[in-house]
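Here's a quick walk through one model, going from a helix and its surroundings to helix pairs and a couple of loop residues. Have a look at the fold first.

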Amino acid sequence: DVASFEPRFEGGGSGFVFLGTLSKNKGVDIAVRTANALGKPLIIAGEIRESDKDFLNKEVFPLINGKSIRFVGEIGHQEKSILLREADALLFPSRWNEAFGLVVAEALACGTPVVALGNGSVPEIIRDEVTGFIASDEETFIKAALDVGKLSRKDARKDVEDRFDLLRMAKKYLEVYQL
């Protein structure tokens, strides 16, 4: 529901945000390394699964300092909307072929560009160099994150309204099923 996300179009943001399950598949470690490489703040929000604790204890938690890199746990819709709206960009370094990264569309609804690895549905959601950047590896991901300020937050919001709003998607589904 695009209307349930209030966009921000102007002004500087609060740094980067990572939203999702804290796992190697979701690339939370890449998000942390990106923020550290660029000297930008990062807020991490999401679920911790028992199966990911060893990875997190070795690769991620030692880098979370509570100041520039913060973990806030699981959050609700209102908190998610605020985090996404206030961020310079959503970091979406998912290593796996995710069918649809809902958080990507939610970020765009807030006018927030997305930096993502080009796996799964990412190339179908993000318009590269318009609503975000699609990277092929960690090195290009970090370089892309440096350039998010060049993207139009208004273009991000308009694109998600045009392609992923509830009414628009319902009409498109009807068209597909009527064929």
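What covers the buried residues of H4? The cover includes strand E1 (16-19), helix H3 (77-86), strand E4 (89-92), strand E5 (114-117), helix H5 (122-125) and H7. Those labels come from DSSP runs numbered from the N terminus, with helices (H or I) of at least four residues and strands (E) of at least two.

A word on the ground rules. This is a predicted model, in which local features need pLDDT of at least 70 and side-chain atom pairs count only at pLDDT 80 or more, while totals for chains, interfaces and linings use all residues. Residues are numbered from 1 along each chain as its sequence is written, and side-chain values use heavy atoms, with hydrogens and water left out.

**H4 and the cores**

Helix H4 (residues 102-109) has 7 of its 8 residues buried, so the rest of the structure largely encloses it. Buried here means under 20% relative accessible area, exposed means over 50%, and partly exposed is in between (1.4 Å probe, protein chains only). The buried ones are Val103, Val104, Ala105, Glu106, Ala107, Leu108 and Ala109. After H4 comes glycine 111, with a positive phi near 80°.

H4 also matters for the core count. A nonpolar core is a set of buried Ala, Val, Leu, Ile, Met, Phe, Trp, Tyr and Cys residues joined through side-chain atoms within 4.5 Å. The largest one has 26 residues, and Leu90, Phe92, Val104 and Val114 touch the most other members. At least two residues each come from E1, strand E2 (42-45), H3, E4, H4, E5, H5 and H7, with H4 giving the largest share, 6 residues. Setting aside neighbours within four places in sequence, valine 104 is in contact (heavy atoms within 4.5 Å) with Leu90, Phe92, Val114, Ile125 and Ile126. Another core, of 25 residues, lies apart from this one; Ile30, Leu56, Phe133 and Ala135 are among its members.

**Two helix pairs**

Axes here are lines fitted to C-alpha atoms, for helices over the stretch in contact, and angles run from 0 to 180 degrees between N-to-C directions.

| Pair | Axis distance | Angle |
|---|---|---|
| H1 (residues 28-38) and H6 (residues 138-146) | within 10 Å | roughly 55° |
| H7 (residues 153-164) and H8 (residues 166-178) | 6 Å | about 35° |

In the H7 and H8 pair, Glu161, Asp162, Arg163 and Phe164 of H7 meet Leu166, Arg168 and Met169 of H8. That contact splits into 3 nonpolar, no polar and 4 charged residues. For these classes, Ala, Val, Leu, Ile, Met, Phe, Trp, Tyr, Cys and Pro count as nonpolar, Asp, Glu, Lys and Arg as charged, and the others, Gly among them, as polar.

H1 and H6 are oblique to each other. On the H1 side the contact uses Ile30, Arg33, Thr34, Ala37 and Leu38, and on the H6 side Glu138, Phe141, Ile142, Ala145 and Leu146. Its residues divide into 7 nonpolar, 1 polar and 2 charged.

**Two loop residues**

Is glutamate 98 buried or exposed? Glutamate 98 sits in the loop between E4 and H4, and at 11% relative accessibility it counts as buried. Beyond four places in sequence, glutamate 98 touches Lys26, Phe92, Gly120 and Ser121.

Leucine 63 is in the loop between helix H2 (53-60) and strand E3 (69-73), and with 34% relative accessibility it counts as partly exposed. Not counting residues up to four places away in sequence, leucine 63 touches Val32, Asn36 and Ile69.

Key
Angles under 35 degrees count as roughly parallel, over 145 as roughly antiparallel, 65 to 115 as roughly perpendicular and the rest as oblique.
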